[in-house]
Every structure is written in structure tokens, then in C-alpha cells.
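Here is a short report on pockets, aromatic contacts and a metal site. Please read it beside the model.

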Amino acid sequence: MSILKVARMGHPVLRQATPLVDPSEISKPEFQRLIDNMFDTMLEYEGIGLAAPQVHEGIRMFVAGVAGPDTVLSPIVIINPEIEPIGTRIDEDWEGCLSIPDVRGRVPRAAEIRVRALDRKGQQQTMTANGFPARVMQHETDHLDGVLFLDRMKSFESLTFIEEYGRYWEKSDS
Ligand code: ZN
């Protein structure tokens, strides 16, 4: 297991659109090792999602998920995702990012989505997600297109340091 170095905002790798993963690459040991290392890195930094460009790998893949009794998003590997909104409802809620440490902001996202992607065995999977998991998957897919959550904010009025977030906003979150 290895903890990978996380690219922070300003690193050009975070602003590049990633090419599709060649499905024949997925079963290779080095690709599987990258997946495991991304999970280790995400857990180490207490993230709930981590996209390959965040660990300096310009490929179309992310991992996401949390373990534990209140799990709302089981650990998942998403390769070559295609996301389409279901319906027109947009929800605004708080997001953070391991590449933008110690900052939170409110971001509008599609409330419900359909995701088509390959899993870590290279199998095609289609799933629907709503609420928090849908938000995470949209945030991570944005990373694969060189987009950061700040780009999606309607206004920077809610942009908040983590300390102030905990002090003023966490409990009143709706
Ligand atoms: Zn992020």
C-alpha cells in the first residue's frame, strides 16, 4: 500500500481533460495497484472521493466511498464515466476537495443522475444515484474534465474556511 501525493489547486494536471481508459489496461497489475493506492490515499486524507488527476494520473477514473455504519456510498471504482441527469431538479449543498484543502463552498448539482461506467474488472455498469452520492460522483467526474468545484459555484458568498464552516455552518446545514 502506498499513500500518493495529492495535487493541489494550481497544479496544471487538475485542469486537463483526461483521455478514456483503454479497457485492456484495467486488468493489469499496475492499474489495479493504482486503484488500491487511490483508496489508501483517499482514506488517509479522509476524503470521500478521489480522481486520478488528483494523484497526477491523467486518466479517466475515480474512486469514491466511505466505510462504516452510516455508509451512504459504498466503496466504488468508476472508470470512463458518462453521467446524465435524471429530471431537472438541482440541489445546492456543501462541498470540499482534497486538492483545495480547508475550504468549503455551496455547489449546485443535479439531484439525481444515471451513471454508466466500467468497474475495476472492466465490466460495464449502470447505476442511478441521488443526493450525496450523486453529488460526489458529479464532483469527481468534473475532475476528469479539468473542472473544480469552485467553477460550479453560483456565487463565492458561501466560500468558507473549514474552521468557520464548523463554527457557523455545519449545524445549520439543511
Ligand atoms: Zn475534488
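A pocket is found on a 1 Å grid over the protein atoms alone: it is an open set of points with protein on both sides within 12 Å along at least five of seven lines, whereas a cavity is a set where a 1.4 Å probe fits but cannot get out. Lining residues have an atom within 4 Å of a point. Grid points are joined across faces, edges and corners, and a volume is the space filled by probe spheres set on the points.

The model is predicted: local features need pLDDT of at least 70, side-chain atom pairs count only at pLDDT 80 or more, and totals for chains, interfaces and linings use all residues. Residues are numbered from 1 along each chain as its sequence is written, and side-chain values use heavy atoms, with hydrogens and water left out.

The largest pocket holds about 700 Å³ of space. It is lined by 33 residues, and the closest to its centre are Ile48, Trp94, Glu95, Gly96 and Phe132. Strands β4 and β5 (100-110) and helices α2 and α4 each give two or more residues to this lining. Helices (H or I, at least four residues) and strands (E, at least two) are DSSP runs, numbered from the N terminus.

The second largest pocket has a volume of about 190 Å³. Its lining consists of Arg60, Pro81, Ile83, Pro108, Arg109, Gln138, Thr141, Asp142, Asp145 and Arg152. Here the elements that give two or more residues are β3 (76-85), β5 and α2. Helix α2 gives the most, with three residues.

Ala, Val, Leu, Ile, Met, Phe, Trp, Tyr, Cys and Pro count as nonpolar, Asp, Glu, Lys and Arg as charged, and the others, Gly among them, as polar.

| Pocket | Volume | Lining residues by class |
|---|---|---|
| Largest pocket | about 700 Å³ | 14 nonpolar, seven polar, 12 charged |
| Second largest pocket | about 190 Å³ | three nonpolar, two polar, five charged |

**Aromatic contacts**

A pair of aromatic rings is described by the distance of the centres and the angle of the planes. Rings of Phe, Tyr and Trp (its six-membered ring) pair if their centres lie within 6.5 Å; planes under 30 degrees apart count as stacked, over 60 as edge-to-face and the rest as tilted.

How many aromatic pairs does a search of the whole structure find? There are two. Trp94 and Tyr165 make an edge-to-face pair, with 5.0 Å centre to centre and 70 degrees between the planes. Trp94 lies in strand β4 (residues 90-97) and Tyr165 in helix α4 (residues 162-169), so this pair ties together parts that are 71 residues apart in sequence.

Trp94 is buried at 11% relative accessibility. Tyr165 is buried too, with a relative accessible area of 11%. Buried means under 20% relative accessible area, exposed over 50%, and partly exposed in between (1.4 Å probe, protein chains only).

Trp94 also pairs with Trp169: the ring centres are 6.1 Å apart and the planes are at 45 degrees, so this pair is tilted. It links strand β4 to helix α4, with Trp94 and Trp169 75 residues apart. Trp169 is partly exposed, with a relative accessible area of 41%. Trp94, Tyr165 and Trp169 form one aromatic cluster.

The charged end of Arg104 sits over the Tyr165 ring, 5.9 Å from its centre. The criterion is NZ of Lys or CZ of Arg within 6 Å of the ring centre and within 35 degrees of the ring normal.

**Zinc site**

Which residues coordinate the zinc ion? They are Cys97 (SG), His139 (NE2) and His143 (NE2), at 2.1 to 2.2 Å. Along the chain the donors follow the spacing C-x41-H-x3-H. Cys97 lies in strand β4 and His143 in helix α2 (residues 132-144), so the two tie together parts that are 46 residues apart in sequence. Donors are N, O and S atoms within 2.8 Å of the metal (3.2 Å for Na, K and Ca); water is not among the atoms, so sites may look incomplete.

Cys97 is buried, with a relative accessible area of 9%. His143 is buried at 2%.

**Backbone notes**

Asn80 has a positive phi of about 55 degrees although it is not a glycine. Asn80 is in strand β3 and is buried, with a relative accessible area of 13%. Asp102, in strand β5, has a positive phi near 65 degrees and is likewise not a glycine.
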